[in-house]
There are 2 protein chains.
Amino acid sequence: MGTDVFTLQAEILKALSHPTRIRIVNQLRRGERCVCEIMAELELEQSNVSQHLAVLKRAGLLGARKDGLKMMYWVRRPEVFVVLDTLRRMVLLRVEEQVRLLSEAE
Amino acid sequence: MGTDVFTLQAEILKALSHPTRIRIVNQLRRGERCVCEIMAELELEQSNVSQHLAVLKRAGLLGARKDGLKMMYWVRRPEVFVVLDTLRRMVLLRVEEQVRLLSEAE
DNA sequence: AGTTCATATTAGAATATACTGATAGAGTAA
DNA sequence: TTACTCTATCAGTATATTCTAATATGAACT
């Protein structure tokens, strides 16, 4: 199991490494949301959203609480946002690089 | 394919989300290494290391060049280290939290 | 009690990953 | 040329992920 630091790091990364889960985390930047709001905004099936939330929660990234019928989720680790912001920078750099290579190839 | 930002972010995360690949990236913190050095230090099969390096390279995280018989790899995106450092902090926080919960349960 | 709403869980199929072992190819040295 | 070194790639199997659709749970309301 998650015994060494590398494995624990990999588990967190794996939990984050899905477009839908990244979108969920981004939705939670401004605070907690219920499942119904998340599935409405992302236009995804309820069971699918629940499963992705479970993955993020299992990795310790999300907290959850019941509010009547609704289940509210929030991000417990602000460091997640640092990771996603860093990745956005990497993606932009990569795209810029590809554009540059394409224009140089003419 | 990798068309939107979330998918591109997820692709990078997926490339990083394996203990062996994290260890490889950490090995490359101090500069380039050949496959033989990496497999020796990690005590892994050569084909296994080659495959993991290919994953990292495909994600744009590593550069590679030939040096005689050897193939040298290096990290092209210093942001990768920011991501891993942030993750290490998260892992430590998580472990501390579990220790705290265990001691409170007594 | 039964009904409805919000969410979780399960089953199953499709796809993706990871590893091992074998083979291929490219470069070097004799 | 042959032999050797280093690395990549392929084939095959095992395991993991992801999605959809169906079912279960559980709280609130009548």
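How far does a polar side-chain atom of A:Tyr73 lie from a phosphate oxygen of DNA strand C? The answer is 2.3 Å. Keep in mind that this is a predicted model.

Look at the DNA atoms within 4 Å of the protein: sugar and phosphate account for 58% of them on DNA strand C.

Chain B reaches the phosphates of strand C too. B:His18 has a polar side-chain atom 3.3 Å from a phosphate oxygen of DNA strand C. Which elements give two or more residues to the surface near DNA strand C? From chain A, they are helix H3 (35-42), H4 and strand E3 (70-75). From chain B, H4 is on the list. By class, the surface near DNA strand C has seven nonpolar, 10 polar and five charged residues.

Now strand D. Of the atoms of DNA strand D within 4 Å of the protein, 60% are sugar or phosphate atoms. The rest belong to bases.

Start with A:Asn48: an N or O atom of its side chain is 3.2 Å from a phosphate oxygen of DNA strand D. Next, A:Glu45 places a polar side-chain atom 3.5 Å from a phosphate oxygen of DNA strand D. Then B:Val35, where the contact comes from the backbone: an N or O atom there lies 3.2 Å from a phosphate oxygen of DNA strand D.

Which elements each supply at least two residues of the surface near DNA strand D? Chain A brings helix H4 (46-58). Chain B brings H3, helix H4 (46-58) and strand E3 (70-75). The class count for the surface near DNA strand D is seven nonpolar, 10 polar and five charged.

On to the helices. Helix H2 (residues 19-27) and helix H3 (residues 35-42) of chain B pack at about 120 degrees. Their axes are 11 Å apart. H2(B) and H3(B) are therefore oblique to each other. The crossing of H2(B) past H3(B) is right-handed. From H2(B), the contact uses B:Thr20, B:Arg23, B:Ile24 and B:Gln27. Facing them in H3(B) are B:Glu37, B:Ile38, B:Glu41 and B:Leu42. That contact divides into three nonpolar, two polar and three charged residues.

The second pair joins the two chains. Helix H2 (residues 19-27) of chain A packs with helix H1 (residues 5-16) of chain B. What is the angle? It is about 110 degrees, with the axes 8 Å apart. That angle makes H2(A) roughly perpendicular to H1(B). H2(A) and H1(B) also make a right-handed crossing. H2(A) contributes A:Pro19, A:Ile22, A:Arg23 and A:Asn26. H1(B) contributes B:Phe6, B:Thr7, B:Gln9, B:Ala10 and B:Leu13. By class, the contact of H2(A) with H1(B) has five nonpolar, three polar and one charged.

Note on methods:
Residues are numbered from 1 along each chain as its sequence is written. Chains are lettered from A and ligands numbered from 1 in the order in which they are written. This is a predicted model: local features need pLDDT of at least 70, side-chain atom pairs count only at pLDDT 80 or more; totals for chains, interfaces and linings use all residues. Side-chain values use heavy atoms; hydrogens and water are left out. Axes are lines fitted to C-alpha atoms, for helices over the stretch in contact, and angles run from 0 to 180 degrees between N-to-C directions. Helices (H or I, at least four residues) and strands (E, at least two) are DSSP runs, numbered from the N terminus. Angles under 35 degrees count as roughly parallel, over 145 as roughly antiparallel, 65 to 115 as roughly perpendicular and the rest as oblique. A crossing is left-handed if the near helix is turned anticlockwise from the far one by less than a right angle, and right-handed if clockwise. Contact means heavy atoms within 4.5 Å. Ala, Val, Leu, Ile, Met, Phe, Trp, Tyr, Cys and Pro count as nonpolar, Asp, Glu, Lys and Arg as charged, and the others, Gly among them, as polar. A residue is near a molecule or strand if one of its heavy atoms lies within 4 Å of it. A polar contact is a pair of N or O atoms within 3.5 Å; within protein, one must be able to donate a hydrogen and the other to accept it, and residues adjacent in sequence count only if both atoms are side-chain atoms.
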